[in-house]
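Open your viewer and keep the selection tool at hand. We will go stop by stop, with something to click on at each one.

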Amino acid sequence: MTKAFVDGQWLAPKSGDQFSVSDPATGNEITLLSDCGIHETEMAIDAAHNAFPAWSRKSPYERSNFLSKIADLLTKNADKIAPIITLENGKPYKEAFGEVLYSASYFKWFAEEAVRIYGDTIPTRSASSKATATKHPIGVCAAITPWNFPLAMLARKAGAALAAGCTLVAKPAEDTPLSALTLAKIFEEADLTNGVFNVLPASSPVEIGKVLTTHPKIKKVSFTGSTDVGRILYTQSAPSLKKLSLELGGNAPFIVFESADIDLAVKGLMQAKFRNAGQTCICANRIFVHKNVRDKFVSKLSEKVSKLKVGNGFSEETMIGPLINSAAMKKVSSLLEDAVSKNANIITGGQKSPAGDLFFSPTIISNLNSDMEIAREEIFGPIIPIFEFDAEQEATIAANATDYGLAAYIYTEQLSQAWRVSDALEFGMVGINETQISDAAAPFGGINQSGFGREGSKYGLDDYLEIKYRLFGNLR
Ligand code: NAP
């Protein structure tokens, strides 16, 4: 698994170029991998294009059986795949194991959805006409995925694309290509038809991204990553009018109202904030707490946060692993420095952890204002910024004061308030007294600068399908 997976074969680029993948917990090199470029990308696109007619003509039941097989193989091999995720991403083993099962759940879900791609018959104006709308796979698709869920983000795209009858060319993140190649190995074990699923490890994404967004044989690009890169891909795709799904960054508000069950809110925040060391797109990013429950909430939260164990993801007691790389460490440190320089209060943490170069101590800060960068930016690290509010409307306005619109959370025991506030929040997903919102059955996705398109759920197939309208006239 140190080469690209193209047309059902393990391929080393002609150039012989390689790049190094390292363990963020130790800095040690894990392995050298084939470094793909334009040539290999074009080969993969051709392979996916050649595989498309046979794959798209398979019966939905055949495709469903194949995807079920992938789900079963992932589940059966979870204890072998999880260490690969921990090694290259750093997340605690338990989280990595959960990610494998979560990935399997998407293949299982889309195996079930593959046989439910219904169309319509449409009533016509003439008695001698019949009209239908049927759904068809869009063609060869490209997937560009991030490092924070190196298996799951690809599984979510591959499950939907293949269920719909599309074939796929995937480019995983430079920091975490091994999980995607492991998925390719699983496809190989499941007797994949050549070219249906291709993976291109690479250290320079720009040229590959240009090929994927401009090549005439690619009909759709699905991207998960930062808003900045999403914009580049959107622009590049415009001349060929490629269909796009953009799952981009977030800046999730987490609002604790006066009536909230404080213990439940603390538990929810711990889960929403510290998963993957705070490096998820739906991590709670700005915490708004009603002034009458603020002290109680912060005191309970601080107690829990101070008990979090930071360390190597392979250690059983670790709850927080490393940040992914030195750029991430720089960003998190600089957001904190900016806030502190503008009078933020550190309640707990507030510095790098002695566990290693890329480890950051779980931190709570307060006394914040909207001039601070931390109030506007996606933190992507284990920092909890606490803002205080008085009136409901004040909290809603502050929560919506972001260009992002991915996830939001509210904690309240008042049903009317839950409806009212969740209606007013301009986000694609809202968790009410719950932060575990991701599920294969859920339409995952954002609005505004968090992108468009939905992954998972019954809507997840739509982005990989075209609708064909047929009118049969003059029937006798
Ligand atoms: P990123 O820098 O945008 O990278 C994501 C992917 O895009 C990587 O494979 C990267 O390759 C590639 N890439 C970078 N520049 C490119 C270019 N010019 N052309 C084509 N591909 C390019 O994001 P990240 O730092 O890995 O991930 C974190 C971001 O993803 C956060 O903003 C997070 O919120 C977001 N995210 C969103 C969701 C969601 O579902 N909405 C889920 C997870 C993460 P390299 O690795 O080689 O740079």
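Start by selecting S34: leaving out residues up to four places away in sequence, S34 touches T2, K3, A4, L11, A12, P13, D17, F19 and P201, where contact means heavy atoms within 4.5 Å. S34 belongs to strand 4, residues 29-34. Helices (H or I, at least four residues) and strands (E, at least two) are DSSP runs, numbered from the N terminus. S34 counts as buried because its relative accessibility is 4%; buried means under 20% relative accessible area, exposed over 50%, and partly exposed in between, with a 1.4 Å probe and protein chains only.

A word on what you have open: this is a predicted model, in which local features need pLDDT of at least 70 and side-chain atom pairs count only at pLDDT 80 or more, while totals for chains, interfaces and linings use all residues. Residues are numbered from 1 along each chain as its sequence is written, and side-chain values use heavy atoms, with hydrogens and water left out.

Next, zoom out to the whole chain. Along the principal axes, the C-alpha atoms fill a box of roughly 75 × 60 × 40 Å. The radius of gyration, taken over C-alpha atoms, is 23 Å, which agrees with the value near 23 Å for a compact globule of 476 residues; the globule rule is 2.2 Å times the number of residues to the power 0.38. Of the 476 residues, 57% count as buried. Among contacts between residues at least 6 apart in sequence, 73% join residues at least 24 apart.

Now select E95, in helix 4 (residues 93-114). Is E95 buried or partly exposed? With a relative accessible area of 23%, E95 is partly exposed. Beyond its neighbours within four places in sequence, E95 is in contact with F274, R275, N276 and M319.

Move on to I255, F297 and L301. These residues have the most contacts inside the largest nonpolar core, which has 67 residues. Such a core is a set of buried Ala, Val, Leu, Ile, Met, Phe, Trp, Tyr and Cys residues joined through side-chain atoms within 4.5 Å. Helix 9 (residues 262-274) gives the most to this core, with 7 residues. Around I255, leaving aside neighbours within four places in sequence, look for contacts including F288, F389, Y409 and L425. Apart from this core lies another, of 61 residues, among them W55, L168, A190 and Y464.

Then select helix 8, residues 227-237, where T227, G230, L233, Q236 and S237 are buried. What covers these buried residues includes strand 7 (140-144), helix 7 (205-214), strand 10 (218-224) and strand 11 (243-247).

Finish at the ligand. Which residues come nearest? Of the 29 residues around the ligand, the answer is T145, E174, S226, L248 and E378; a residue counts here if one of its heavy atoms lies within 4 Å. Draw distances to oxygen atoms of the ligand: 2.6 Å from a polar side-chain atom of S226, 2.9 Å from an N or O atom in the side chain of W147, and 3.3 Å from a backbone N or O atom of G225. The protein covers 88% of the 910 Å² of accessible area that the ligand has on its own, with areas from the Shrake-Rupley method and a 1.4 Å probe.

Conventions
A polar contact is a pair of N or O atoms within 3.5 Å; within protein, one must be able to donate a hydrogen and the other to accept it, and residues adjacent in sequence count only if both atoms are side-chain atoms.
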